[in-house]
Amino acid sequence: MTRTPNRWLQLIFGIICMGLVANLQYAWTLFVSPLDAKNHWGLSAIQLSFSIFILVETWLVPIEGWLVDKFGPRPVIAAGAIFAAIGWVIDGYATTLTELYIAAVVAGIGAGCVYGTCVGNALKWFPDKRGLAAGLTAAGFGAGAAVTVIPIANMIQTAGYEHTFIFFGILQGAAIFVLAMFMVRPQPPAGIVASSRVVTTRVDYSTGTMLKTPLFWLIYVMFVAVAAGGLMATAQIGPIAKDYGLAKLPISLLGITLPLLTMTLSIDNLANGFTRPLCGFLSDRLGRENTMFVVFLGEGLSMLGLMKYGHDPVLFMTFAALIFLFWGEIFSIFPAICADTFGVKYAAGNAGTLYTAKGTASLLVPLASVLSAGGNWDRAFIFSASITIVAAIAAKFVLLPLRRKFVNDANAKLDADALKQAA
């Protein structure tokens, strides 16, 4: 008899892989100024590389998820490790913008392979704790940057950005590759089921079949709305703090004094990581839509709070942190509800397809700059809060009944077909 692998150990491997690949996104900002200082390409041209990375990382996840469903996690994560390493090595040797953009594509493929696989694995291993497992995995994507950002910054100062790209690219890629060798196809223990509060299907839908259901597109539009609302507000925290005259105001907390914007961003990132497993855990017990209703509503109200009270330094920090706290959970609840609704067999590909909503939402972010023309941020806040609050209401009063009917009908049909075959 083959021994079933420890699913918690598999989850830990996935979280570590996510942490190791996170620097492709979160440590990038440390390299921008050194790149410009040496090559004089201009900040906008260099940051185009980051945009290319995000789009490739996001939009190729459905393909990478399909590969995981077909071949298992090991080869896809191993390939992601190689692409991630090569991407940063190319960055280290790049002498033209073209080479920098090629590196962004390669690194984006690597990040997508790791991200899509690890989230898909978490959904499959934990049918009883999908929200928590997806939340812990998504939180790991930021943990790596928190651990390694100081060593990377120090090495850039002492050895140059080129050596840092190459050293950390190879180090992180090698570590992910080794961990990939311990990853196996998910084999959740028999008899484990989700809480009765979580509406769960017993039918497995392929990605193509899922795309034909109106229910998927309702979930997709909600993901775009909440992601866009949060991105439009949070991506502009810096300019908002500047326009409010708060960005460089000294703030002391726990004996540490930093400019208000720096302190705010530090707290926001902690809130963003903390909420993913927390809200995933709560959604496993309270139900996905019930949790969505509370947190989406909280996000919208926090945006309005920042608009009305944000000129006060303490309240600015408080409401900004609340926005991140109520926003970051989308990366745990939406993958979980996707697997609940469309099954686990194709969970990696299906969740990856839903994840493209993040890329779609990012295309709406420039709208905040248009709405805030002249330094008036009220219109941007009101728009962002409105679409988020509408999503909260839709989750409770539209998505919940429609999804319950969809799942119950599919499960009833499955039982009826089984009875016919038995007869």
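**View 1. Packing of helix α6 (residues 73-93) against helix α9 (residues 161-180) in a predicted model**. The two helices pack at an angle of about 175 degrees, their axes lying 7 Å apart; axes are lines fitted to C-alpha atoms over the stretch in contact, and angles run from 0 to 180 degrees between N-to-C directions. Helix α6 is therefore roughly antiparallel to α9 (an angle over 145 degrees). Contact (heavy atoms within 4.5 Å) involves, among others, I77, A81, W88 and Y93 of α6 and F165, I166, F168 and F177 of α9. The contact residues comprise 16 nonpolar, 4 polar and 3 charged, where Ala, Val, Leu, Ile, Met, Phe, Trp, Tyr, Cys and Pro count as nonpolar, Asp, Glu, Lys and Arg as charged, and the others, Gly among them, as polar.

**View 2. Helix α13 (residues 260-286) and its bend at T275**. Just after α13, G287 adopts a positive phi of about 100 degrees.

**View 3. H40 in the loop between α3 (29-39) and α4 (43-59)**. Phi of H40 is near 55 degrees, a positive value in a residue other than glycine. H40 is exposed, with a relative accessible area of 63% (exposed means over 50%, with a 1.4 Å probe and protein chains only).

**Notes.** Helices (H or I, at least four residues) are DSSP runs numbered from the N terminus. Residues are numbered from 1 along each chain as its sequence is written, and side-chain values use heavy atoms, with hydrogens and water left out. In this predicted model, local features need pLDDT of at least 70 and side-chain atom pairs count only at pLDDT 80 or more, while totals for chains, interfaces and linings use all residues.

Conventions: Buried < 20%, exposed > 50% of the residue type's maximum accessible area, 1.4 Å probe, protein only. Expected span 1.5 Å × (residues − 1). Bend = angle between axes of the 7 residues up to and from the residue. Parallel < 35°, antiparallel > 145°, perpendicular 65-115°, else oblique.
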